[in-house]
Amino acid sequence: MRVLVGYSSDDRGADALALAALVVRAAGASLVVANVHPPPWPARGPGSVDAEWVAYLKGESQAALTEAAGKLAASDVPESDVTLRVHSHRGSGRGLIEVARAAGADLIVIGSAPRGRRGRIAIGSTADQLLHGSPVPVLLAPRGYADDPPGRFERMTVAYWRRKDADGPLSAAAEIAAALDVPMRLLTLVLRPPGIAAKFKDAGGVLDRQAAQADDDLREAAARFGGGTPVERLAAVGTGIAKTLGAVDMLPGEVLACLSSHDGPLRKVFLGESSGKIVRAAPCPVLLMPRGAAAAPGAASGAKSQVR
C-alpha cells in the first residue's frame, strides 16, 4: 500500500499526519507527504516579482515538509518509507489527486477543516474537491486527532446499505481492513421517519420488519467473507443519521467506512447526502470508498472473516 497525506503547517495537517502514521505502521505502507501551493499568475508581472513569489511559495512548502518529516521521525515512521512532494495547483484537493495519480497512491489522508467541532469532521474546500472526484479512497481525520491518537487501529465499521453496486466497495474496504489487521463490522442504520407513529397504526411493526430486512441483508453481505475472524453485524434503529450513529458504540481505534453515492461517477469518490451526514456525524476517522471500487483478486478471502 502507498499512502498519500496532504500536509500543511497547521492543526489539520498535524491531524492528517498522525492518522497517516498509524496507517503506515499498521499496514507496513510507504508514505508520500505532499504540500500543494498556488501556482504563479498566468501573465508575468513586472521585473522578477513572479519568480520571487514562486520561490517564496516553494520555500514555504519545503519548510512545511521538513516539519512533517520531523514529526514522522518522532512517530517512529522510518525515513526510508517517506517521500516528500511539493506540488503546484490552484485547488489543493485537485492538486492532491494529481499527486496521487503520479505517485500511484492507494489512499489519500487529509484532516478536517479548521472550523469543525473537536472530534468531528468538517468538510472544507480541499475535502470537497477530493470527495467529489478522487480515484482512490479518502481517509479523513477528525479535528484534534493528533492531540490524543490511539496506539493502534482496533476495528473498521462499514456503513452498509444493500444496493447493486455495493459489492466492489465492500470488498475493497475489507481489503483495507485486512491490511490494517483489524476486524470488520457491518452497520446498517434503520431510520425512523419523523411522524411515523401518526401515519401508521403499526409503526413499531413497520420498523421491526425494516430491521429484520436489514439484518438479512447484513447476513448475506457478511457471508461473502468466510474463513476466519467473524464479521460483526449491527442494524441500529433510530431517527436521523446523526442521532442513530451517535448511539452506536465506537472503539478508540475505530475507522468508519462508507460508500460513495450511487449517483456519482464510476471509480471515483462522490459524497452523497447520506454519506455526507455520516462523515459529519462520525466521532472517528472516516474512509470514503470510490463508487464501484474493486478489491484485488482474493481480497475478500484475504480479509479472513466469517459471518456470525
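Predicted model: local features only at pLDDT ≥ 70, side-chain atom pairs only at ≥ 80, totals over all residues.
Rolling a probe the size of a water molecule over the atoms shows where empty space is left.

Now turn to helix α2, which covers residues 49-74. The structure holds 1 aromatic pair. Its rings belong to Trp53 and Tyr56, with centres 5.6 Å apart and planes at 20°. Planes under 30 degrees apart count as stacked, so this pair is stacked. Both residues sit in helix α2, 3 residues apart, which means that about one helical turn separates Trp53 from Tyr56.

How accessible are the two partners? Trp53 has a relative accessible area of 39%, so it is partly exposed. Tyr56 has a relative accessibility of 45% and is also partly exposed. The cut-offs behind this label are 20% and 50%: buried residues fall under the former, exposed ones over the latter.

Ser61 is found in helix α2 too. Is this residue buried or exposed? Ser61 has a relative accessible area of 1%, so it is buried. Leaving aside residues up to four places away in sequence, Ser61 touches Asn35, His37 and Val86. Helix α2 thus carries the buried Ser61 as well as the partly exposed Trp53 and Tyr56.

Notes. Residues numbered from 1 in each chain as written. Heavy atoms only, no water. Phe/Tyr/Trp six-rings, centres within 6.5 Å; stacked < 30°, edge-to-face > 60°. Helix = DSSP H or I, 4+ residues; strand = E, 2+ residues; numbered from the N terminus. Buried < 20%, exposed > 50% of the residue type's maximum accessible area, 1.4 Å probe, protein only. Contact = heavy atoms within 4.5 Å.
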